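Let's walk through this one together, starting with the overall make-up and then going down to single residues.

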Amino acid sequence: MTSMDARKFLPLHANWFHILLSLVGREQHGYGIMQEVQERTNGAVKLWPATLYGSLKRLISGGLIEESEERPATELDDARRRYYKLTRLGKRVLELECQRLEEMVLMAQKKRKQEAC
Amino acid sequence: MNPRWSICLSLYRYLANAFPHEFRIVYGQDLDRLGEDAVPEAWRRHGLWGLVRLVADIAVRLPIEYLGEIRQDVVYAVRVLARSPGFAAVAVLSLALGIAMCSVILCGSSSVLRPMPGARDPGALVASRKGVSYPYFEHYREQKQVAGGATVLLVSVPFAVAPSGGRNARAERFSGHIVSPEYFSTLGVTPAAGRFFSPETEKSGMAPVVVVTDRFWRSYLNSDPRAVGREVRLNGQAATIVGIAPPDFQGMWPFIPADLFVPVTCGSLLAPELAGDPLHNRDLEMFRMVVRLPHGVSIKAAESAFNAMTLALDRQAPDADRDRNPKSRQMGLMPAGTFGLTTPEQRAFVYSFNFVMWVLILSLVCANLANLLLARGSQRRREIALRLSMGASRARLVRQFLTESVLLSLAGGVAGTVAAYWVAHMMTALPLPSSGPLQADFRPDFRILALTLAVSLVAGIACGLAPALASVRADIGLALKEGGQAGVPPGSGGYRRFSLRNLFVVAQVAASLMLLLVTGFIVTGYGNVTRIDPGFDTHNLDMFSLDPVRDGYSAREAETLFARLPEQLSRARGVRAVALADSAPFGSLLVHTQHGRLSALPRDGDGRPVWCQAFSERIGANYFATLGVPLVSGHEFDIRDQQSDAPPGTATPAVINQSAARALFGGENPIGRLIHQDAASYTVVGVTHDVRSGWLPAIPVPTVFLPLTAGGMARSRTPSATVLVRVAGGTAPLAAVRDAMASLHPDLTIFNVQTMSGNLNQINAFAEWSTTVYFVLGLSALFLASIGLGGVTAYTVAQRRKEIGIRMALGARGRQVQGLVMREGTALVVVGSVCGLAGALALKRAFSAVSEPLAKGFAQPAPHALLLAGAPLLLAGLALLACYFPARRATKIDPVAALREE
């Protein structure tokens, strides 16, 4: 995997960004992703079911996420649900997208400071 | 449950169930469950708006998912086709060939039937089948209930045009129409500049005026912005340009485009065609009438109204008791708003001929495509079974096949359209065989192209779907186990049963043979008779035409000129012999109207006269000597015959050809015998060899040559003559003629200056070109048939790998296996050939019945016998060759590998 492979996904679609962010550090099922995105954004971003699964399908075919074979502890596991996790490419793409967004924020801040002066 | 939730959930489930099969397999359950979780939450957080958004989200995603799958199908189809470039190329090529052929054949031959450009609602225009006199026309045009507008015209009238003021300036010849003042208003044309004619402005005795076309304005007047009001000299008379026609208007029937429009009131001084006072002479029925029918009025109704008017006018005439045949006085009308004027009979023939050719080519292409796709579909049974067992839905597989077929058809359609435009462009650029200007528009007709494309597309889709539907219904287990053999009943070899595929092969061979034979009949028969074989030495023979009256000569001056010119010219350096004729040799053969009825009485004067139809040509002294055609007996006209008419009471001399002599006198000597044409009598003074000169007649036709006298020419309404000059060998072509005329008569415009070889080449060029088109058509039919047969045989061999393997394992030799495959191919080719032969003969008979030219062309016995035997043999040979390669491949099958594979 090269940096070029990852860069072709940039700029990342907002839905994809939120899904990838939800999978950082842990596996999640579809409903969990939906809930987390809603909570994290205070309801500003709502991933409806069809959009969510359409995005998950494309993220899988793009190699950014994959289905996880590991299951959480039995008491937490919902056997009927499918879990997803980030791939190495997915992590790299998310990293690059975050960098891109940070740079944009920095640029905006710089501009604002210049205007203030 | 909240009723709103329940409605929302039902809708959600309904839409979720409609998602593509493969999506449902992976995400279906999750999607359903998430929906069930999301409904109460959406209601809780967002209320009714939340439920609406939930349903809207899934409704929007549904087509997106399907589009994604279609995209995948297209990518997959491109990959599949790229993996079999041979199949793809052959399928696209056969489609492209078929579409191009259909389009060019149909559009080319019906180009004269297209609507006339530049006129308003040309479909409402009708023309009289016969000529009408101007006094009668003045009454016809008043029949307002059937004539929304009416005009009369003379077409293809030559005008010698020179700039005004310069009397010595050399004139150029242009073609024009002599029209009644209502011409432009009847056609619905408005001027681009100036004004058009009207009954108020155009009256007899007024200063001559002319309207010019945009083309004339650009080429001759150099786009002069002050052209309106400018004077030009027409046939030596000053005429003022009063208007310029719009760019797309080139007169009525622009197949022979006009450059000038002159009103009938201009007088015979400007237009010799108007000699004899045709505006007041009711017997001069020389004008073609064009009528605009009001909306809702039929041709029949208009004919009835005009017939009633004709009868009334005939009765009022001073010579009302004159014996007029009521039948011959019937006014016939025919549609006229087309590119060229054609009779309804010609139109019906063109349409039926085109339709049959179109059906034949298209059925050939469809059968070809069907064979290729069916064979390929059967070969992919194992692939289909594998994909079905991996979870692909049947609908998805059918869609996949459909995508491949549509892609193939579209590629073929695009290639065919490009090819059709290219061929049309080439045809339009071809010079047409005529001394005057002709223009033809061979551009593909959008409707014909669209119909051909649609039929090809439907055929492609249907043929692609058939194997897919059959395969997805087949037993997966059996298909995986038996591969290509699945679905074939035990013991039934590919060709041995009556199947759709076999039917297609037979249809394909039959259609190819029919096409090959019909095009062959046209190429050998029609092509041979249209080719003129003069039978004399055309080298060192130059010709040109003269029209002295249009150059300002009086009738007396023209008579003197014609009497002296042969002698004057023969004294010029390099000139060996000179002769005059009323038209170029073979020129009269291009038209059908020169037929006349010749008759002769038996030698003893008793009994019924013998008669025959004959061409009539007017020729001057030394005509045959100049051409180099020897006389069989008697002598040809000498200078005395040319200089003066025969004295009253004596019969005019005539020369006839051998065909006329045979028809009128059998084996008797015709010299000195009397022949009659209309009311005139002639004495036969010579008999000439038949010149094999058929433009359309297949055999030499009886021809009578009458003396072209100087007085007769000068008295003619449109006196013009063609001068034939035999020059010494080594003389530069045409140079001697031009030099001699420039020094003898510098004031005369000589036109149609060409060598006899050039003239013949021009006449033959179009015939050669059109026969080449049909030849290419026949070759393409052969090519298409070979492709289809090869494809089917290859498929059969592939399907019977196992059987062939077993046969070879049991000791069958390669030659025996090859023989088996070839035998079965031969059976189909024979059945198809018999059907094709019968069909072609039926078509030949049908075409001969409706078209005289084709009947004459088809009447050539020798080449057709050769063709009837040769074409099926050629096709069978090619078909068997197409069977041979797969058969040979069959012998290379390794029995062990074939049995293990299956």
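**From the whole chain to single backbone angles**

Chain B has 902 residues, and 41% of them count as buried (20 or more other C-beta atoms within 10 Å of the residue's own; 12 or fewer is exposed, anything in between is partly exposed, and C-beta atoms are placed from the backbone). Keep in mind that this is a predicted model, where local features need pLDDT of at least 70, side-chain atom pairs count only at pLDDT 80 or more, and totals for chains, interfaces and linings use all residues. Residues are numbered from 1 along each chain as its sequence is written, while chains are lettered from A and ligands numbered from 1 in the order in which they are written.

Take the contacts in chain B with a separation of 6 or more: 83% of them join residues 24 or more positions apart (a contact means C-beta atoms, placed from the backbone, within 7 Å).

Now for the inside. The largest nonpolar core holds 75 residues, and B:L369, B:V509 and B:L515 have the most contacts inside it (such a core is a set of buried Ala, Val, Leu, Ile, Met, Phe, Trp, Tyr and Cys residues joined through C-beta atoms within 7 Å). Helix α14 (residues 500-530) of chain B supplies the largest share of this core, 16 residues. Domain 2 (84-114 + 344-487) and domain 4 (494-530 + 779-902) of chain B each give at least three residues to this core, with domain bounds taken from an automatic or database domain assignment. Which residues does B:V509 touch, leaving aside its neighbours within four places in sequence? Among them are B:A785, B:L828, B:G832 and B:A879. Apart from this core lies another, of 66 residues, including B:F159 and B:V209.

Helix α18 (residues 658-665) of chain B has B:A660, B:A661, B:L664 and B:F665 as its buried residues. Seen down the axis of α18(B), these fall within an arc of 100°, so they line one face of the helix (the arc is that of the directions from the axis to the C-beta atoms). Just after α18(B), B:G666 takes a positive phi of about 60°.

B:N622 is not a glycine, yet its phi is positive, near 60°. B:N622 counts as buried because it has 21 C-beta neighbours inside 10 Å.

Note on methods: Helix = DSSP H or I, 4+ residues; strand = E, 2+ residues; numbered from the N terminus. Contact = placed C-beta atoms within 7 Å.
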